[in-house]
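Biologist: I have not worked with this structure before. Please take me through how to read its features, one at a time.

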Amino acid sequence: MNVYGIGTAGYMAGKTKRGATSGSADFMETLTQKSNSVVERYKREHPEDASHVDAQVRAGKSVMAKNGVENVSREDMTMEEYKSFIHGLLNSIPFDSTRIFDREIISISDAGWEQMKNNRDYEAWVLGYTVENRSVRNPFFGWPGASANLCVEKFGASIEEHIGQSVSTSPFGSKPANKKNEKSWWEKRHARMEELIAEQVEKSMAKRALELNEISAFW
């Protein structure tokens, strides 16, 4: 007997409909959140860098997968717990074997920490950028006169706010390599790296020439 005029089939149909409506709302909310992501906004404003940023985000998500934490809830963590969590992931990212003497300092602003904790794509970008940055080879590793670098990476609440600096620890000194994220920031970073490489080559050649002159004068 159907006292209220709604049979089991009708109840299930109504439940399914409500579930479908709720699921659609959740899906639309997810799309809205993604479209408002600082990563998605950066890609819209810098379409020339979109594929590169996507690759960095994928690299960051691979770090999470390798550590088995891709499904860990960040919402349940305090900020101090979250910072320890991220530092653990950063420490799991290796340097290229030619960079074993380099020193790196990572600084994240309070707004940056909040953005990472609430935005999984931005969190992945920071990790992925670090993967990419640490994988760069030093072509002069082991050369006479070659030295390690001190690298400082500063992250804010968006990709544009990132600033990186690399300073040679050579006694000859060198100017900082500023890598601010603005239009063509990646090209500028590589251009500066090429300048540093050229400076190191010039110094190595000058030192070698001096050594040869000293040997010739001795004989």
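Biologist: Which residues does Ile86 touch, not counting residues up to four places away in sequence?

Modeller: This is a predicted model. In it, Ile86 touches Trp113, Met116 and Glu123, with residues up to four places away in sequence not counted.

Biologist: Which residues have the most contacts inside the largest nonpolar core?

Modeller: Ile86, Leu89, Met116, Tyr122 and Trp125 have the most contacts inside that core, which has 26 residues. At least two of the core residues come from each of helix H2 (38–45), helix H3 (50–66), H4, helix H5 (110–118) and helix H6 (120–134). The largest share, six residues, is supplied by H6.

Biologist: Now the charged residues. How many salt bridges are there?

Modeller: As a general idea, side chains of opposite charge can pair when their charged atoms come close. Here the count comes to 11 salt bridges. One of them joins Asp54 and Lys43, with the closest N and O atoms 2.5 Å apart. Asp54 is in helix H3 and Lys43 in helix H2, so this pair ties together parts that are 11 residues apart in sequence.

Biologist: Are Asp54 and Lys43 buried or exposed?

Modeller: Asp54 is partly exposed, at a relative accessible area of 26%. Lys43 counts as buried because its relative accessibility is 14%, and the cut-off for buried is under 20%. Both residues also belong to a network of salt bridges that links Glu40, Lys43 and Asp54.

Biologist: Which residue forms a salt bridge with Lys61?

Modeller: Asp121 does, and the closest N and O atoms are 3.3 Å apart. Lys61 lies in helix H3 and Asp121 in helix H6, so the pair ties together parts that are 60 residues apart in sequence. Lys61 counts as partly exposed, at 40% relative accessibility, whereas Asp121 is buried, with a relative accessible area of 12%.

Biologist: Where is the place of Asp102?

Modeller: Asp102 sits in the loop between helix H4 (79–91) and strand S1 (103–108). Its relative accessible area is 11%, so Asp102 is buried.

Biologist: What joins the side chains of Asp102 and Arg99?

Modeller: A polar contact of 2.6 Å joins them. The pair is also a salt bridge, with 2.6 Å between the closest N and O atoms. Arg99 and Asp102 are both buried. A polar atom of the Asp102 side chain also lies 3.0 Å from the backbone nitrogen of Asn149. Leaving out residues up to four places away in sequence, Asp102 touches Ala148 and Asn149.

Biologist: On to the strands. Do S1 and S2 pair in the parallel or the antiparallel sense?

Modeller: S1 and S2 pair in the parallel sense, over six bridges. S2 and strand S3 (residues 163–168) pair in the antiparallel sense, also over six bridges.

Biologist: Which residue in S2 is the bridge partner of Ser107?

Modeller: Lys154 is that partner. In S3, Lys154 has Ile163 as its bridge partner. Ser107 is in strand S1 and counts as partly exposed because its relative accessibility is 35%. Apart from neighbours within four places in sequence, Ser107 is in contact with Glu153, Lys154 and Phe155. Ser107 and Gly156 are 49 residues apart in sequence, and their C-alpha atoms are 8.7 Å apart in space.

Biologist: Why is strand S2 largely enclosed by the rest of the structure?

Modeller: Five of the seven residues of S2 (residues 149–155) are buried, so the strand is largely enclosed by the rest of the structure.

Technical notes: Residues numbered from 1 in each chain as written. Predicted model: local features only at pLDDT ≥ 70, side-chain atom pairs only at ≥ 80, totals over all residues. Heavy atoms only, no water. Helix = DSSP H or I, 4+ residues; strand = E, 2+ residues; numbered from the N terminus. Buried < 20%, exposed > 50% of the residue type's maximum accessible area, 1.4 Å probe, protein only. Polar contact = N/O pair within 3.5 Å; in protein donor to acceptor, adjacent residues only side chain to side chain. Contact = heavy atoms within 4.5 Å. Core = buried A, V, L, I, M, F, W, Y, C linked by side-chain atoms within 4.5 Å. Pairing = 2+ DSSP bridges. Salt bridge = Lys/Arg side-chain N within 4 Å of Asp/Glu carboxyl O.
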